[in-house]
Amino acid sequence: MRSVPWWVLLSSISAPVLLVAGWSVSAELQGPGYDPASSTISILAADGARGYWVMTSALLALGACHAITACGLRPAAVRGRVALAGGGLAAMLLALFPAPSSGGSFSHGVVVAIGFSLLAVWPVLAVRRVPGPGVREWDGGPGAAIPLAADPVPWGLRPVPSVVAAALMWLGGAWFLLALFVLGTAGAAERVITFAQSFWPLVVVVSCVRHQGGRVV
């Protein structure tokens, strides 16, 4: 199993920290009229918002962190890394397609939907398969094989945890829609699901680091 560089651990830790710091500072700048339980994060990055530059910077940094993590998360399957990087790119594109100060925006909604979908599906796409019965991957020459280890794949890249994580994210998306159109608590739902999607890459990276004996290169 390929090792994880130290900078991947740094980028995966930074993602949720920057996200929470961004919406917290932006909400403070927006003032008491902003209700984080009912108002979405997008409002904080809307044109004319007092904390526009803070939330926009946080989204750009979040997207960059996801892209960096995807580049260095070598134990994960390539298609999962591509989906994670795509989700990061979508977060950065929100700077080009901000939400309007009032009403809706088709382009903003499309970017949000694409970003959410990519980040919700990447855990499953990143699952690492064992090459064959009794065999694990080997970076040596062709045909080289060694007996299967007790835990050949990091916990965060195994099928069951990955499917559960993805399923919870999709359920979170359904909760957000219900909160947006029925419950009036879209802000709270969006914060929970957005934080979960920013935190899962860290879970995967930490599991990979633990799998390689706690060493980063």
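Q: How do H6 and H7 pack, and at what angle?
A: In this predicted model, helix H6 (residues 159–183) packs against helix H7 (residues 186–211) at an angle of about 160 degrees, and their axes are 8 Å apart. That makes H6 roughly antiparallel to H7, a label given to angles over 145 degrees, where axes are lines fitted to C-alpha atoms over the stretch in contact and angles run from 0 to 180 degrees between N-to-C directions. Helices here are DSSP runs of H or I with at least four residues, numbered from the N terminus.

Q: Which residues of H6 and H7 make the contact?
A: With contact meaning heavy atoms within 4.5 Å, the H6 side includes Pro-161, Met-169, Trp-175 and Phe-176, and the H7 side includes Glu-190, Ile-193, Gln-197 and Trp-200. The residues of this contact divide into 14 nonpolar, 4 polar and 1 charged, where Ala, Val, Leu, Ile, Met, Phe, Trp, Tyr, Cys and Pro count as nonpolar, Asp, Glu, Lys and Arg as charged, and the others, Gly among them, as polar.

Q: And what about H5 and H7, where do they meet?
A: The axes of helix H5 (residues 106–125) and H7 come within 10 Å and cross at roughly 35 degrees. Phe-116, Leu-119, Ala-120, Trp-122 and Pro-123 in H5 meet Ile-193, Gln-197, Trp-200, Pro-201 and Val-204 in H7, and by class this contact has 9 nonpolar, 1 polar and no charged residues.

Q: Switching topic, how many aromatic pairs are there?
A: The structure holds 3 aromatic pairs, and one of them joins Phe-116 and Trp-170, edge-to-face, at 5.2 Å centre to centre with 85 degrees between the planes. Rings of Phe, Tyr and Trp (its six-membered ring) pair if their centres lie within 6.5 Å, and planes over 60 degrees apart count as edge-to-face.

Q: Which helices does the pair link?
A: Phe-116 lies in helix H5 and Trp-170 in helix H6, 54 residues apart, and the pair thus links distant parts of the chain.

Q: What is the average pLDDT?
A: The protein chain averages a pLDDT (the predictor's confidence in each residue, from 0 to 100) of 87, and 85% of the residues score at least 70. Over residues 132–141, however, pLDDT stays under 50, and over residues 144–149 it is below 50 too. Where pLDDT is low, the predicted coordinates should not be read in detail.

Q: What should I know about numbering and cut-offs?
A: Residues are numbered from 1 along each chain as its sequence is written, and side-chain values use heavy atoms, leaving out hydrogens and water. Local features need pLDDT of at least 70 and side-chain atom pairs count only at pLDDT 80 or more, while totals for chains, interfaces and linings use all residues.

Methods
Helix = DSSP H or I, 4+ residues; strand = E, 2+ residues; numbered from the N terminus. Parallel < 35°, antiparallel > 145°, perpendicular 65-115°, else oblique. Phe/Tyr/Trp six-rings, centres within 6.5 Å; stacked < 30°, edge-to-face > 60°.
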